[in-house]
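Please report on how this protein chain is put together. Cover the sheet, the core, the helices and the charged pairs.

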Amino acid sequence: MTDRACFLLHLRPELVEEYLAVHQEVWPEVLSRSGWRNYSLFLRREDGLVVGYCEADDFAAATAAMEREDVSARWEATMSRFFAPAAAGDGTVRERERLQEYFHLA
């Protein structure tokens with residue numbers, strides 16, 4: 001069975017264009033090597049909301065495999081400046097907010 005994941009990211013609105021430019025040279029081989037597939041990102045430009053979607057046989061295992069990749073750590077460190085502070089106002093980058101799937105029509 002395929003595990004589908006949908007998540008939200010919140011960009012700093014003033015950095016949206018630069019964020020998009022960086023994504024012109026992404027390393028898809030690392031994603032597929034880790035077990036992620038059908039990975040998509042969608043953007044609402046006016047407020048920097050990003051909706052991500054991907055599939056994996058086991059999303060938790062694929063995420064753990066991605067975290068073991070050195071290139072993934074470097075990518076995450078580079079990308080962290082693009083994300084808005086957490087809603088709590090503590091200045092930390094908000095983690096991905098995974099959404100609960102409650103309906104699916106195949």
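Phenylalanine 7 has arginine 98 of S4 as its bridge partner. S1 and S4 pair over two bridges, in the antiparallel sense. Strands count as paired if DSSP finds at least two bridges between them. Helices (H or I, at least four residues) and strands (E, at least two) are DSSP runs, numbered from the N terminus.

This is a predicted model: local features need pLDDT of at least 70, side-chain atom pairs count only at pLDDT 80 or more, and totals for chains, interfaces and linings use all residues. Residues are numbered from 1 along each chain as its sequence is written, and side-chain values use heavy atoms, with hydrogens and water left out.

**The sheet**

Four strands form an open sheet. Their order is S2-S3-S1-S4, and the pairing is antiparallel. Strand S2 (37–44) and S4 stand at the edges. Each has a single partner strand, so one side of each is left without a neighbour in the sheet. Strands of a sheet pair through backbone hydrogen bonds, either parallel or antiparallel.

Alanine 5 lies in strand S1 (residues 3–10). At 1% relative accessibility, alanine 5 is buried. Here buried means under 20% relative accessible area, exposed over 50%, and partly exposed in between (1.4 Å probe, protein chains only). Leaving out residues up to four places away in sequence, alanine 5 touches Gly52, Tyr53, Cys54, Phe59 and Arg98. Contact means heavy atoms within 4.5 Å. Aspartate 58 is 53 residues from alanine 5 along the chain, and their C-alpha atoms are separated by 9.9 Å.

**The core**

Which residues have the most contacts inside the largest nonpolar core? They are Leu11, Tyr19 and Trp36, in a core of 21 residues. S1, helix H1 (16–22), helix H2 (28–34), strand S3 (49–56), helix H3 (59–67) and H4 each supply at least two residues of this core. A nonpolar core is a set of buried Ala, Val, Leu, Ile, Met, Phe, Trp, Tyr and Cys residues joined through side-chain atoms within 4.5 Å.

Tyrosine 19 is in contact with Leu9, Leu11, Leu41, Val50, Met79, Phe82 and Phe83, leaving aside neighbours within four places in sequence. Phenylalanine 83 sits in the loop between helix H4 (70–79) and strand S4 (97–98). Phenylalanine 83 is buried, at 11% relative accessible area. Leucine 49 is 34 residues from phenylalanine 83 in sequence, with a C-alpha to C-alpha distance of 9.8 Å.

In H3, Phe59, Ala62, Ala65 and Met66 are buried. They cover an arc of only 125° around the axis, which puts them on the same side of H3. The arc is that of the directions from the helix axis to the C-beta atoms. The face turned away from this buried side carries the exposed residues Ala60 and Glu67. The cover over the buried residues of H3 includes S1, H2, S3, H4 and S4.

What caps the N-terminal end of H3? Aspartate 58 does: a side-chain oxygen lies 3.1 Å from the backbone nitrogen of alanine 60.

Serine 72 is in helix H4. At 5% relative accessibility, serine 72 is buried. A polar atom of the serine 72 side chain lies 3.3 Å from the backbone oxygen of methionine 66. Serine 72 touches Trp27 and Met66, not counting residues up to four places away in sequence.

**Salt bridges**

Side chains of opposite charge can pair when their charged atoms come close. A salt bridge is a side-chain nitrogen of Lys or Arg within 4 Å of a carboxyl oxygen of Asp or Glu. The structure holds seven salt bridges. The table gives some of them.

| Pair | N to O distance |
|---|---|
| Aspartate 3 and arginine 98 | 3.3 Å |
| Arginine 33 and glutamate 69 | 2.9 Å |
| Arginine 44 and aspartate 47 | 2.6 Å |

The pair of aspartate 3 in strand S1 and arginine 98 in strand S4 links distant parts of the chain, 95 residues apart. Aspartate 3 is partly exposed at 23% relative accessibility. Arginine 98 is partly exposed too, at 46%.

Arginine 33 lies in helix H2 and glutamate 69 in the loop between H3 and H4, so their pair ties together parts 36 residues apart in sequence. Arginine 33 is exposed, at 52% relative accessible area, whereas glutamate 69 is buried, at 18%.

Arginine 44 is partly exposed at 38% relative accessibility. Aspartate 47 is partly exposed at 35%.

Key:
Polar contact = N/O pair within 3.5 Å; in protein donor to acceptor, adjacent residues only side chain to side chain.
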